[in-house]
Amino acid sequence: MTVVIVGGGWSGLAAAITLSDNGIPVHLIESAKQLGGRARNVSWQDKVIDNGQHLMIGAYDHMLALMSLIDIDHSKLFKRYPIDITIVDDIFTPLRISAKGGLPWPLSLAWNVFRCAGLSAVVQLVRLQRDIPKLLANNDMSVADWLHRTKQSQRLIKQLWQPLCLATLNTPIANASAHVLAHVLNDSLGQDQAAADLLIPQQPLGTLFPQPAATFLIKNGAKISLGCRVKQLIDDNGQITGIITNDGNTYFADHVIIAAGPAHCAELLAPMLAMTKPDELPICTVYLQYRQEVRLAAPMLGLSGTHSQWIFDRSLQHPGLMAVVISGPGSHESLSKQALIDCVSAEVHQLIPSMPAQAESAFVIREKRATFASTIAYQQQRPTHKTSTKGLWLAGDFVANNYPATLEGAIRNGEQCAHAILAEQNLT
Ligand SMILES: Cc1cc2nc3c(=O)[nH]c(=O)nc-3n(C[C@H](O)[C@H](O)[C@H](O)COP(=O)(O)OP(=O)(O)OC[C@H]3O[C@@H](n4cnc5c(N)ncnc54)[C@H](O)[C@@H]3O)c2cc1C
C-alpha cells in the first residue's frame, strides 16, 4: 500500500509520520520550497523567525507525543512556564490570569482574579464555567450571546473574553462558536495546572517540528517533494488512484490524503466533491527589535483597548526581540506597514512604560488567510477525514474536531486520518 499526502504543513507531516511509523510508504508533496505551511520559518535580517507568533500550551498533548515519537526532546525545545498572563488595558487596571500565589490550582486562578478585579469577577467566571455542560448539551450560540447569558461584565468582556476569543479562535465574539471556545476552556483551564502551562519555543517554528519531521520521514524511507504543486486528482471510475503535479508528473497511490489548507483543498476537490469553503481570517505579527537588554516582565502580556493584542518576549531566541500579535479582522488592516509599526510601538510604550518608545528595527508579517473563522455555521459543516470517494481522505486543521485552527488540531487530524486509513486496511 502507498499513500500520497498533499501538503506539508503540521497536519500532513503528522499523517506522514503516523503512516511511516506503521511501515506504510508515503510520498509527501508540498508546493512551497519548505515544509511547515502556516507554521514555518521566515528570514529577517540575520535572524530566522516565525511566519507569525504562535502560542502553544501544556494541553497540546498530541503535539508533544508526536515530537517524542520522532525523538525530539521537547523539554529542551520549550521553556515551560506556569500560566501567568497580565492583560493591561487603556482604561481598567491590569487583570491577571495566573497560577502563581501559592494556592492549589484552580484556586490560585480565582485568587489572582479576585485580587485585581474583585469578588464579582470571580463569581462571573464561576458562573460561566458552570454553564459549560448546559452550553455543550444544547444548540451552539455565538460567544457574545453566551457571555450575555452568563452575565459577564463589560470589563471582563473587553479585557478578557474579546482578546481570549481572538487569541484562540481568531474570530470576533459576535461570530465565534461558543461550543468551540468552551472546549478550548475545558481543555486548557479546566484540567490540571500543567495543561495551562505556556510552552515558549527556544527555536523557530520550522526548526521545532517540520525539519526534524522531515529527517524522521526520510530515515524511514518516505519520499518528500518540495516546490511541487498538485493540480489534479486522478479519478478512475469514482476511485482516486493518484495525483498529477504542475510539472506534469503523475504519481499513483492506493490512498491520497489532502492536507492542504481549506481553500486549496476545496479547489482540488471541486471536480468531484463540493466542500464548504470557510471564511478565512488574518493574523498580523509585528516584530519589534529593541536594544538587546530590553525584556518584558513575563514571557507574554495581553493588551486591550488597542490594536495590539498580545506581546511576546522572544529574547530566548533573539535578545530584545518582541512579537506583537493582532488577530482577526480590524481597522489595522488598512494601515501601511510603517503606520502599523508606529502605532504598535506607541501602544506598547503607552501601556507598558518600561518598554522604549521606539524599536531599533521592525518587521510586519500579515498572514491574510491565517485560520478559518470558527463560526457556529462552519463548526457544523467541517468535513470528516473519510470522504464519499474511495481512496480520498482529508487532513488539516479544518477537518471536524472540537478545536479551532491550531497546531494541536492540525496534528490530531493528521494522525486520525492516518489511523482511519490503517483501520480500513486492517493494519491497526
Ligand atoms: C500567524 C499565525 C498565527 C497562528 N497562531 C497560532 C497559535 O498561537 N497557536 C496555534 O496552535 N495555532 C496557531 N495558528 C494556526 C496554525 O498555524 C494552523 O492551524 C496550522 O499550522 C495548520 O496546519 P495544516 O497542516 O492544517 O495547514 P497548512 O499549514 O496550511 O498546510 C497546508 C500545506 O499544503 C500546501 N499546499 C496547498 N495546496 C497544495 C497543492 N495543491 N499541492 C501541494 N501542496 C499544497 C501548502 O503550501 C501548505 O504548506 C496560527 C496561524 C498563523 C498563520
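Of the 36 residues around the ligand, which come nearest? They are G7, G9, G37, G52 and T406. The views below belong to a predicted model, in which local features need pLDDT of at least 70, side-chain atom pairs count only at pLDDT 80 or more, and totals for chains, interfaces and linings use all residues. Residue numbers start from 1 along each chain as its sequence is written.

**View 1. The shell around the ligand.** Helices (H or I, at least four residues) and strands (E, at least two) are DSSP runs, numbered from the N terminus. By residue class, the shell holds 15 nonpolar, 15 polar and 6 charged. Ala, Val, Leu, Ile, Met, Phe, Trp, Tyr, Cys and Pro count as nonpolar, Asp, Glu, Lys and Arg as charged, and the others, Gly among them, as polar.

**View 2. The ligand and the domains.** The chain is assigned domain 1 (3-39 + 59-77 + 204-278 + 375-424), domain 2 (94-192) and domain 3 (280-372), with bounds from an automatic or database domain assignment. Because domain 1 and domain 3 both give residues to the shell around the ligand, the ligand lies between them. The C-alpha centres of domain 1 and domain 3 are 31 Å apart. Their contact takes 10 residues from domain 1 and 7 residues from domain 3, where two residues are in contact if their C-beta atoms, placed from the backbone, lie within 7 Å. On the side of domain 1 that touches domain 3, the residues divide into 8 nonpolar, 1 polar and 1 charged.

**View 3. T18 in helix α1.** T18 is found in helix α1 (residues 10-21). T18 is buried, with 22 other C-beta atoms within 10 Å; the cut-offs are 20 or more for buried, 12 or fewer for exposed, and partly exposed in between, with C-beta atoms placed from the backbone. Not counting residues up to four places away in sequence, T18 touches G414, E415, A418 and H419.

**View 4. Helices α4 and α5.** Helix α4 (residues 107-117) packs against helix α5 (residues 119-137) at an angle of about 140 degrees, with axes 7 Å apart. That makes α4 oblique to α5. Axes are lines fitted to C-alpha atoms, for helices over the stretch in contact, and angles run from 0 to 180 degrees between N-to-C directions. Angles under 35 degrees count as roughly parallel, over 145 as roughly antiparallel, 65 to 115 as roughly perpendicular and the rest as oblique. A110, V113, F114 and A117 in α4 meet L119, A121, V122 and L125 in α5. The residues of this contact are 8 nonpolar, no polar and no charged.

Technical notes: Near = placed C-beta within 6 Å.
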